[in-house]
Amino acid sequence: MGVDEAVWQEFRPKPQKVGLVTMIKRMVWNPSVNEGLFLVSCAERIIKDQTPEHSEAKIVSCLKRDLSRAGVHSQDMRFRLVFISCDDNTLQKHILYQSKIYALNEAQI
């Protein structure tokens, strides 16, 4: 299967609905959102070519950890950075970066 035909899965998609109790808990303690903000800054540094190796290593480490926790039994993984903009009330997706292929069974970075 070629890269263009590959099935891509969004990393940590946002839930469609969040209950009131969950929302209140998130205001006090939400390490997942903090890590998500860190990953966004890593993605921005990759695009700006500021410490791209370090930033990619951090993203790959996080992806491997989450995939391992989810019980994914794939051999390889790669990620891409998709930036979204709004043009004339239409969402546009722009793929600005695609990583090399990483083996999931390698040691954590």
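Student: What kind of crossing does H2 make as H2 passes H3?

Tutor: A left-handed one. The term applies if the near helix is turned anticlockwise from the far one by less than a right angle; clockwise is right-handed. The model is predicted: local features need pLDDT of at least 70, side-chain atom pairs count only at pLDDT 80 or more, and totals for chains, interfaces and linings use all residues. Residues are numbered from 1 along each chain, and side-chain values use heavy atoms, without hydrogens and water.

Student: Which residues of H2 and H3 meet?

Tutor: Contact means heavy atoms within 4.5 Å. Among those in H2 are Phe38, Leu39 and Ile46; their partners in H3 include Ile59, Cys62 and Arg65. By class, this contact of H2 with H3 has eight nonpolar, two polar and five charged residues.

Student: How many residues are in the largest nonpolar core?

Tutor: There are 13. Such a core is a set of buried Ala, Val, Leu, Ile, Met, Phe, Trp, Tyr and Cys residues joined through side-chain atoms within 4.5 Å. Buried means under 20% relative accessible area (1.4 Å probe, protein chains only). Ile46, Ile59 and Phe79 are among the residues with the most contacts inside the core. H2 and H3 each supply at least two of its residues.

How values were computed: Helix = DSSP H or I, 4+ residues; strand = E, 2+ residues; numbered from the N terminus. Nonpolar A, V, L, I, M, F, W, Y, C, P; charged D, E, K, R; others polar. Buried < 20%, exposed > 50% of the residue type's maximum accessible area, 1.4 Å probe, protein only.
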